[in-house]
Amino acid sequence: MNKSRTLKSIFAILAVSLSLASCDKIEQDNYIVFSGAAGEWFDGNGVSDHSQRAIIEKYTGVRCVNCPNADIAINDAVAGYGDKLIAVAIHDSSVFTRPIGQTPCLSTPDGDAWSHFFGVYAAGQYPTAIINRTLNGNAWDLFTPTSGINSRVDNIIGQTAQVALDVDAHNNNSTVDITVNLEFLQSVGSDLTLTLLLIEDGLVVTQRQPDGSDDENYVHNHVLRDVITDVWGADIECTGNSGEKRIAQFQYTPTSSDWKLSNCHIIAFVADKATKQILNAAQSEIE
Amino acid sequence: MDKTARKLLAIATLLLFQFPVFNILNAQGILGGHVTGNVQFDGQFSRRDTTIGSSDVPEKLLSNARADILYTNGNFSAGLRYEAYLAPMLGFNSQYTGQGIANYFVSYKTQTFAVTAGHFYEQFGNGMTLRAYEDRYLGLDNAIRGINVSYRPWNGVTFKGLVGQQRYYWDTRGLVRGLDAEVSLNDVVTSWAESKTRLTLGGSFVSKYEGDETILSDISGYKLNLPHNVGAASVRMDLSHGGFGLQAEYARKGQDPNIMNNYIYKNGDALWLSASYSQKGLSANLQAKRVDNMGFKSVRSVSGEMLYINYTPAITKQHTYAFLSMYPYATQSTGEMGLQADFMYKFKKETALGGKYGTDIHLNASLITGLDTTVIGGKGTDGYTSTFFGTGDTYYGDVSLEVAKKLSSKLKLTATYGYMLFNPVIEGHEGDIHHNHILVADLTWKINRKNVLRFEAEWMGSDSKYDAAVDDKRCGDWIMGLVEYNFTSAWFVSVSDQYAYNDGIGNYYNISVGYTKNATRLQLGYGKQREGIICIGGVCRQVPASNGLTFSLTTSF
């Protein structure tokens, strides 16, 4: 290779490298986005469905060979419990979440924050799940969700709900209008938070299988795309007295054009601000 | 660096140097290589003094210590630096508290290729897109821990690439990627090889990555939509012809809302120009720069001097005399314009102005202003617009004339006059501009080959007056005297006093004794230090008042 060709090659490599590392451009009308953390609370009209629901958060990864088995178990459980069980698939930043080939990365900073907080990342065992962020003794009740789901769900949904919860979401010209209603069925003395999640179904992303092969047509459901509120939720302005009814409305503009709103739904859950344990949850399609 | 890595490195170091360490360190030829290093220990006792505002130090003794050890063997080198801040001396960030291996690297270098893994320092051009450097006196270390590669495919052509995280006290933060290319056309174009005109062109690109975080906007319920990858690029040239030189660099930075610019989305840019001429006995240099929103850090929410990726060259003179350096200029990376002219001339011996031994004059003038800006919004907007040639408030101005003349074979006098204006807004507080006149006389008497006596007298007249509400202890009119005696080529002792005789407060006396032998220097001092600010190259740190003993030991092997 002569000198000029080598020089051209080096400049070409540099040019490609520069373009790969180029900076993000935020359009002027998108400098600020709805934070979701400041939804204003008003007295509401209550919630007709007083169901106690369970929410299973599964920590997973596209390179996790046992995760497809967990998906089967969770899908079966969701089919069996209907709207009493809500599923979330969280891709944190573990080595198991690194995309296979040129497929998109499903990790989220918020999911990663939870993974670190609940000790999933440190334990390094995937899949791992937790239902309603409950404790087992003094430790988080983390378990491998290929079994043991039903007993945990039964234990939760068999209780009377302290807080009834309802969420409604509408697509308003690519902005999602979200309405959340709460009704206190029992008095609650601790501070509570509301967390809103954007979840996407039907994502076709390569997934490593139990036999070690890579399935390019694997369909991922319940994938956490964004935490609309602060990662640990927005404060709920309430007294917590039994019978109290509160309502808040949120507007949310998705921060990525890669997310198909038509495949998304919204999950809301109420949690104890101090203990993080989830009192109740609900979900809604984006109509 | 985690504990395991530290242990491994310590074991590797001991094996490499073969315990006992100190007998071996001085030896040459370890495993066919060489070991060199240096050690520095600075200690400080300080006690309460209400007149200058110093406080008692709970630990009694504060110390900064470091040891650099470098092993080289042909093209290979490896090194580490152990640092201990137990506890950090006054003026150094308390986050330094602790000790450990703060810097370690291995490097392999040939004539055409070099790679460093571990911590490294690097600069692209003038540093306007990237300058990872360390200044121990500022408590500043922006070392990058990662991989740094440079490649010279031909003489005159250099490519550099790096990726890593920056040091943040005892941690590393951010993610920085950078590329740089430089071509010396006289080396590449055969027909230019012998040309008297020399031209070098260069360019660089640096980007940082940060994840998302919640930063609320000024509008209730909304947060900032933050860019995760922020890039900065620059082009530069260095042209010379005989004694003439012209250097220029222009840099731009993409949207980078951060704590320094109040989270605005305006692009940044900076232009630096320098024209110079030099010949025997004469040099002249004219510099200009314009900086607009070019603060570039690897973590957007960190203030202070750590984690800067880039550096804006200072174009004010780095003064050494006490009163001339009492108001140093701190570069305003958010926006400034500046001009500096520097002229040095030597009147030859046996001329009317040169006299028997010749006379050196050094004239320097600089002026720094803000930008002419129009505010269009706050956090979460483009912030402001600016006109390219418009100027805003005056930040700093400085004119100094230094005349150095050897009066006899044993006497040398350096006389300096300086005029300075200083706007306190550059240190972050409001107030009237200070106008100061400064005179310095520095007389050195070389008694004989081993004994030298130096006298220094300084005066500063200022229109500023001490105001307890502002508590700027630099205000007022000052005088200073210093006597320094160097004897036996090894010892020195100096006594000095600065006194605010009008419109100010404070009487700062110091005495120090030092001893130097070969590569070892020991210094002991006692006195009072005025609170203030020290700057090196426009980068500054606060120095609190202190009253007590200081000592310093440096050695190298």
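Reader: In this predicted model, at what angle do helix H2 and helix H5 of chain A pack?

Author: Helix H2 covers residues 67–81 of chain A and helix H5 covers residues 149–157 of chain A. Their axes lie 11 Å apart, and H2(A) passes H5(A) in a right-handed crossing. The packing angle is about 35°.

Reader: How many nonpolar residues does the contact of H2(A) with H5(A) have?

Author: H2(A) contributes A:Ala73, A:Ile74, A:Ala77 and A:Tyr81, while H5(A) contributes A:Ile149, A:Asn150 and A:Val153. By class, one residue of this contact is polar and none is charged. The number of nonpolar residues is six.

Reader: Which strands stand at the edges of the open sheet of four strands in chain A?

Author: The order of this open sheet in chain A is E2-E17-E9-E8, with antiparallel pairing. A strand at the edge has a single partner strand, so one side of it is left without a neighbour in the sheet. The edge strands of chain A are E2 (41–43) and E8 (163–172).

Reader: Which residue of E17(A) is the bridge partner of A:Trp41?

Author: E2(A) and strand E17 of chain A, residues 245–252, run antiparallel and are joined by three bridges. A:Trp41 has its bridge partner in E17(A), and that partner is A:Ala248.

Reader: What distance separates the C-alpha atoms of A:Ser257 and A:Ile26?

Author: Along the chain, A:Ser257 and A:Ile26 are 231 residues apart.

Reader: Against which elements of chain A do the buried residues of H3(A) pack?

Author: Helix H3 spans residues 109–117 of chain A, and its buried residues are A:Asp110, A:Gly111, A:Asp112, A:Trp114 and A:Ser115. Just after H3(A), A:Gly119 takes a positive phi of about 85°. The buried residues of H3(A) pack against strand E3 (54–60), strand E4 (85–91), helix H4 (120–123) and strand E15 (223–227) of chain A.

Reader: Where does A:Pro127 lie?

Author: The peptide bond leading from A:Tyr126 to A:Pro127 is cis, with omega near 0°. A:Pro127 lies in the loop between H4 and strand E5 (128–131) of chain A.

Reader: What is omega for the cis peptide bond that joins B:Leu86 and B:Ala87?

Author: B:Ala87 is found in the loop between strand E4 (76–85) and strand E5 (98–109) of chain B. The bond joining B:Leu86 to B:Ala87 is cis, and its omega is about -10°.

Reader: What phi does B:Asn262 have?

Author: B:Asn262 lies in the loop between strand E17 (244–253) and strand E18 (268–279) of chain B. It is partly exposed, with 16 other C-beta atoms within 10 Å. Although B:Asn262 is not a glycine, its phi is positive, at about 60°.

Reader: How many bridges pair E23(B) with strand E24 of chain B?

Author: E22(B) and E23(B) form a hairpin with four residues between them, and 11 bridges join these antiparallel strands. E23(B) also pairs with strand E24 (residues 434–448) of chain B in the antiparallel sense, and B:Thr414 stands opposite B:Asp442 in E24(B). The number of bridges between E23(B) and E24(B) is 12.

Reader: What is the radius of gyration of chain B?

Author: Chain B has three helices and 32 strands, and its C-alpha atoms fill a box of roughly 65 × 65 × 55 Å along the principal axes. For 557 residues the globule rule gives 24 Å, and the value for chain B is close to this, so the chain is as compact as a globular protein of that length. The radius of gyration of chain B is 25 Å.

Notes: Residues numbered from 1 in each chain as written. Chains lettered and ligands numbered in written order. Predicted model: local features only at pLDDT ≥ 70, side-chain atom pairs only at ≥ 80, totals over all residues. Axes fitted to C-alpha atoms, helices over the stretch in contact; angles between N-to-C directions. Helix = DSSP H or I, 4+ residues; strand = E, 2+ residues; numbered from the N terminus. Left-handed = near helix turned anticlockwise from the far one by under 90°. Contact = placed C-beta atoms within 7 Å. Nonpolar A, V, L, I, M, F, W, Y, C, P; charged D, E, K, R; others polar. Pairing = 2+ DSSP bridges. Rg over C-alpha atoms; globule rule 2.2 N^0.38 Å. Buried ≥ 20, exposed ≤ 12 C-beta atoms within 10 Å, placed from the backbone.
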